[in-house]
Amino acid sequence: MQLSLAVVGADHPNKDKSNRRFEILLCRPGERIDLVPEPKNPADPQAVAVFSERGVQIGYVRADRAPLIRTYLARGRITSSIFQEAASWGANIRVGLDGEEAVLPEQRDISAASDDSGFYPDYIPPDD
């Protein structure tokens, strides 16, 4: 089983003054990330910090998912975790569970949905 999780808090500075948004820009899809529980976090003792493979924090697992992820970490259920993609709120990561390695989800083909033909139909007003 695999999960995609939102990583939030990208706009907050790290204690070492490194920039989370900049680090997210350096991350590549499929790159290993680390999940680290923070039981002494004053804002949320269930917090799970997310670090890039370079050891720079990029944010936190969303608060509504953090207790579940902490439980999975404590029970050794998380096999691997990888960077999935940057997002407006921070990033998405992918987690593999119970012996399954995390892999990136298939990309949806949105090119078929977009029409770059340059054709735009004329506006036809409704009949009154």
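**Exercises on a predicted model**

What covers the buried residues of α2 includes β1 (2-8), β2, β3, β4 (57-61), β5 (78-87) and β6 (90-97). The model is a predicted one.

**Exercise 1.** Determine which residues of helix α2 are buried, and how they are arranged around the helix axis.

*Solution.* 
Step 1. Helix α2 spans residues 66-74, and its buried residues are Ala66, Ile69, Arg70 and Tyr72.
Step 2. Viewed down the axis of α2, these buried residues fall within an arc of 160°, so they line one face of the helix.
Step 3. After α2 comes Gly76, which has a positive phi, near 70°.

**Exercise 2.** Locate Ala47, decide whether Ala47 is buried or exposed, and list the residues that Ala47 touches.

*Solution.* 
Step 1. The loop between β2 (34-37) and β3 (48-51) contains Ala47.
Step 2. Buried means under 20% relative accessible area. Ala47 has a relative accessible area of 5%, and is therefore buried.
Step 3. Leaving aside residues up to four places away in sequence, Ala47 touches Val36, Pro37, Glu38, Asn41, Tyr60, Ala66 and Arg70. Among these, Ala66 and Arg70 are buried residues of α2.
Step 4. Ala63 is 16 residues from Ala47 along the chain, and their C-alpha atoms are separated by 6.8 Å.

**Exercise 3.** Identify the residues that form a nonpolar patch with Phe22 on the surface, and name the helix in which Phe22 lies.

*Solution.* 
Step 1. Phe22 belongs to helix α1, residues 20-26.
Step 2. Together with Leu25 and Leu26, Phe22 forms a nonpolar surface patch, and the three have about 310 Å² of accessible area together.

How values were computed
Residues numbered from 1 in each chain as written. Predicted model: local features only at pLDDT ≥ 70, side-chain atom pairs only at ≥ 80, totals over all residues. Heavy atoms only, no water. Helix = DSSP H or I, 4+ residues; strand = E, 2+ residues; numbered from the N terminus. Buried < 20%, exposed > 50% of the residue type's maximum accessible area, 1.4 Å probe, protein only. Contact = heavy atoms within 4.5 Å. Arc of directions from axis to C-beta. Patch = residues over 30% accessible without salt bridge, like charges linked within 9 Å, V, L, I, M, F, W, Y side chains within 5 Å. Areas by Shrake-Rupley, 256 points an atom, 1.4 Å probe, with all protein chains shown as cover. Salt bridge = Lys/Arg side-chain N within 4 Å of Asp/Glu carboxyl O.
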